[in-house]
Amino acid sequence: MAHNQKEIKRQRERSERFEVAFNQIHTELKKLEKNADTDHFIELLHKVKNRHAPIRRYFDDLKSYARLRNALVHEKSRKNFYIAEPHPEVVEQIEAIAEFLQVPPSILTVASKPVKTFQADEEIKDALLEMEKHEFTQYPVYEGERFKFLMTESGLRCYFASRLKGSKIELAGQKLSDVQKYEKTNTVKIVSKDMNIFELQDLYDSRPEHENKLEAVIITENGSHKEKPIGIVSSWDLIKMDTD
């Protein structure tokens, strides 16, 4: 009898842990979809899935957990006790997802680092030799300690086209600052390392249509233009989040 009572208590605790974690996830989904016209779990899940890669990763599991939760709650309200219990692995998994949503990973977990930077007064020919050593397609350019602009492959192509003289490209005396006018403006955000991956996605998604596409997010200690970059995230890094 004592053994049965201990087993019943253990099953009840497991079911209660499952329900607590489920409710925590539900709360976080509502935070991620602030303007939703519903607070129904499955409807929220579908809406958030469309915007956030980590939710797509857990989507099928969370749908299954919603069905299990409904069954548990229905039986509990009808008989005043849990008639079924979730498997220990299920409880551990849903608690892990709840913790992930409550304390999302830092933006630095998806960033490229270290960041290769250049100074605006560097000669282009010297910078090109240095760029051959790296596989990056974007380079933050600074004036002293202050961020100046983002140098991209597209901007460099436009610059080279403007310097083409016959079959040669004239680079003598040219500085990286000369490339700036060939780059689009307002394509970079500088943010604090404390930003999380969900806030990062919102930063890209909330971009007004009339503004240039956000090319990169530069990460510094406190989000200041005068701080050294410790990571950089491109739109391509967001795509990789879906496949990792």
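I started with helix α7, residues 197-205, and asked which of its residues are buried. In this predicted model, I found Ile-197, Phe-198, Leu-200, Gln-201 and Tyr-204 buried. Next I checked where they sit around the axis: their arc is only 155°, so they are on the same side of α7.

Then I looked at how α7 begins. Asn-196 caps the N-terminal end. One of its side-chain oxygens lies 2.9 Å from the backbone nitrogen of Phe-198, and Phe-198 is also on my buried list.

On to the strands. How many residues of β2 (residues 138-143) are buried? I got five of six, so I noted the strand as mostly covered.

Who pairs with β2? On one side of my list is β1 (residues 118-119), which runs parallel to β2 and is joined to it by two bridges. The other entry is β3 (residues 146-152), which pairs with β2 in the antiparallel sense over six bridges.

Phe-118 stands opposite Val-141, and in β3 the bridge partner of Val-141 is Phe-149.

Last, I traced the connections. β1, helix α5 (residues 124-131) and β2 make up a β-α-β unit, and I wrote it down as right-handed. From β2 to β3 the chain forms a hairpin, with two residues between the strands. Gly-144 is in that turn, and its phi is positive, about 70°.

Definitions and conventions:
Residues are numbered from 1 along each chain as its sequence is written. This is a predicted model: local features need pLDDT of at least 70, side-chain atom pairs count only at pLDDT 80 or more; totals for chains, interfaces and linings use all residues. Side-chain values use heavy atoms; hydrogens and water are left out. Buried means under 20% relative accessible area, exposed over 50%, partly exposed in between (1.4 Å probe, protein chains only). Helices (H or I, at least four residues) and strands (E, at least two) are DSSP runs, numbered from the N terminus. Two strands pair if DSSP finds at least two bridges between them. A crossover is right-handed if, with the strands pointing away from the viewer, the path from the first strand over the helix to the second runs clockwise. The arc is that of the directions from the helix axis to the C-beta atoms. A polar contact is a pair of N or O atoms within 3.5 Å; within protein, one must be able to donate a hydrogen and the other to accept it, and residues adjacent in sequence count only if both atoms are side-chain atoms.
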